[in-house]
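Good morning, and thank you for coming.

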Amino acid sequence: MTLRLSKISLLLAVALFFSIVAFTNITDYNSNAQFVRHVLSMDTTFPNNRAMSRALPQPWVQTLFYCTIIAWETATAILAWIGAAKLLRSLKSPTPVFTQAKSIAIAALTLGCLLWFVAFLTIGGEWFLMWQSHTWNGQDAAFRMFAILGIILLYLTAPEPTQNSSS
């Protein structure tokens, strides 16, 4: 029971985190919109780099990117809340039932990992060369979040002990 509650608690923490991030990005839209704008514009990368043709300085494209990120964060939060509720409902169920109830939680954590790995580390970091910027480089934070979510995903998907176990 303790192990299951631990997994659910970490999933609830993920749901809370993504809820706050999405809420902040909606209510204080401009703060992180500037981050997206600078990354996509590539205006703080190394001068005269040969990849500048990748830059997307168009405001409508930047808005679309940012709104997609917010939608992604919101979807992750919603799935994490639903996944946690589903796990709580099956807390005292037999192992196969609890294991099957993990599917939405797994989807939420995978979606969160993909956000940080694909949107920030791959597209922002490598395609738009965010790593070259001293001001608008979110790679450390993105890696930290990817690692946290990945560890929780591994922990959540670890096999459940048998029902007569003391866990």
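I begin with Phe46, which has a relative accessible area of 39% and is therefore partly exposed; buried means under 20% relative accessible area, exposed over 50%, and partly exposed in between, with a 1.4 Å probe and protein chains only. Please note that this is a predicted model, in which local features need pLDDT of at least 70 and side-chain atom pairs count only at pLDDT 80 or more, while totals for chains, interfaces and linings use all residues. Residues are numbered from 1 along each chain as its sequence is written, and side-chain values use heavy atoms, with hydrogens and water left out.

Trp131 is also partly exposed, with a relative accessible area of 39%.

Now to the ring pairs. Rings of Phe, Tyr and Trp (its six-membered ring) pair if their centres lie within 6.5 Å; planes under 30 degrees apart count as stacked, over 60 as edge-to-face and the rest as tilted. By this rule there are eight aromatic pairs. One of them joins Phe17 and Phe18, edge-to-face, with 5.4 Å from centre to centre and 85 degrees between the planes. Phe17 is partly exposed at 31% relative accessibility, whereas Phe18 is buried at 0%.

How are the rings of Phe46 and Trp131 arranged? Their centres are 5.6 Å apart and their planes stand at 85 degrees, so this pair is edge-to-face. Phe46 lies in the loop between α2 (29-41) and α3 (59-89), and Trp131 in the loop between α5 (103-127) and α6 (139-157); the pair links distant parts of the chain, 85 residues apart. Helices here are DSSP runs (H or I, at least four residues), numbered from the N terminus.

I turn to the pockets. A pocket is an open set of points on a 1 Å grid over the protein atoms alone, where a 1.4 Å probe fits, with protein on both sides within 12 Å along at least five of seven lines; lining residues have an atom within 4 Å of a point. The largest pocket holds about 260 Å³ of space, the volume being that filled by probe spheres set on the points. It is lined by 14 residues, and Asn25, Asn32, Glu73, Trp116 and Phe120 are the closest to its centre.

The second largest pocket holds about 220 Å³. Of its 15 lining residues, Phe65, Ile69, Ala119, Phe120 and Ile123 are the closest to the centre. α5 gives the most to this lining, with five residues.

Technical notes:
Helix = DSSP H or I, 4+ residues; strand = E, 2+ residues; numbered from the N terminus.
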